[in-house]
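Subject: Structure handover, helix packing

Hello,

Here is the structure we talked about.

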Amino acid sequence: MTTPLICDWTKGNRRDFRKKPTLWEHRVHESPLFSDERLIELIEKHPRDLADFCTMNEGSDDMASWRGGDPGDYSGEELLDAVRNGRLWINLRKTFNIHDEYTVLLNSMIGELKSLNQNFNPVRVMGGLLISSPTAGVPYHIDRSDVLLWHIRGHKRVWVYPVDEETMPEREVEEILLHEHNDDVPYNERYDAKAMVFDLQPGQAATWPLHAPHKVQNSGDMNVSITMEYSPFSTIMQNGAQITNGILRRRLGMNPKIDDQGFTNQFMRFAASRALRKMKLVKAKSAAKSGYLFKIDLEAGNSVREFDEQKGAA
Ligand SMILES: [Fe+2]
């Protein structure tokens, strides 16, 4: 019999899963797939169009400082050094969907979660690998899908906030859903008093309710984590209903509340969102930052050479 990957799925976890911030222990980090050698190999073979190389300013409360960079011609080993010594965040999207040995691991994780939770039945799970610097952080934001964060190496502090009218007004959720690339979320330090804080160690994983705002700050060593993203029908339906609510609020001055809308009402609003999308009333916001704004440079501070700096030096 193989040893389970999930070690302590408690009654409380079963009760709270997707309803409250939830923490559990796992053994995924014991896999040899996350050694330096394997990470180097992965960085080199992973398709570059599925890889994001980002940096951010010190402190993690400003999403506007989050920007993408050019990894240049560095080898996997050099890029791992750049992460270890700089302020970088590499997301190897779909690692667990396109590399067989990682897919086998993802399928085992999903299989165990399904057997532990009758209501965990995702159609498709996207598994990405995050490799990030000891000083990297992710500002206050929400995700459009359900997320499970499996921590593998290093240390991370994760703040998870409730979805309430102060920390995440319904209007803000709608604003994010209405615009594909709008991730700006107003943050105030006083929200921290309401946050649940997880100090994630290797071998721990966490999840939280859909649209719960969260922020992350690394510490200590280079961090490695797995993000499992999935959207059960309930999420697809709720997002669609909130898109319709957003349009009704903005165009007709109505004041819809998602929590007051039962399944049938939400389903009708989800269906309406599909029609509204066809009518181009739901648009991608063009404010998305595109293109590289810096270059990874092992000689530069934080391994980051801003393009402005390069021009200035020329
Ligand atoms: Fe997130």
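Start with H2 and H3: H2 passes H3 in a right-handed crossing. Keep in mind that the model is predicted. On the H2 side, the contact uses Asp-36, Leu-39, Ile-40, Glu-41, Ile-43 and Glu-44. H3 contributes Gly-76, Glu-77, Leu-79 and Leu-80. By type, the residues of this H2–H3 contact are five nonpolar, four charged and one polar.

Now the geometry of that pair. H2 spans residues 36–45 and H3 spans residues 76–85. Their axes come within 8 Å and cross at roughly 110 degrees. Angles of 65 to 115 degrees count as roughly perpendicular, so H2 is roughly perpendicular to H3.

The second pair is H7 and H8. H7 covers residues 233–252, and H8 covers residues 263–278. The two axes come within 7 Å, with a crossing angle of roughly 70 degrees. That angle makes H7 roughly perpendicular to H8. The crossing of H7 and H8 is left-handed.

Which residues make the contact between H7 and H8? From H7, they are Met-237, Gln-238, Gly-240, Ala-241, Ile-243, Thr-244, Asn-245 and Ile-247. From H8, they are Gln-266, Phe-267, Arg-269, Phe-270, Ala-272, Ser-273, Arg-274 and Leu-276. The residues of the H7–H8 contact divide into eight nonpolar, six polar and two charged.

Best wishes

Note on methods
Residues numbered from 1 in each chain as written. Predicted model: local features only at pLDDT ≥ 70, side-chain atom pairs only at ≥ 80, totals over all residues. Axes fitted to C-alpha atoms, helices over the stretch in contact; angles between N-to-C directions. Helix = DSSP H or I, 4+ residues; strand = E, 2+ residues; numbered from the N terminus. Parallel < 35°, antiparallel > 145°, perpendicular 65-115°, else oblique. Left-handed = near helix turned anticlockwise from the far one by under 90°. Contact = placed C-beta atoms within 7 Å. Nonpolar A, V, L, I, M, F, W, Y, C, P; charged D, E, K, R; others polar.
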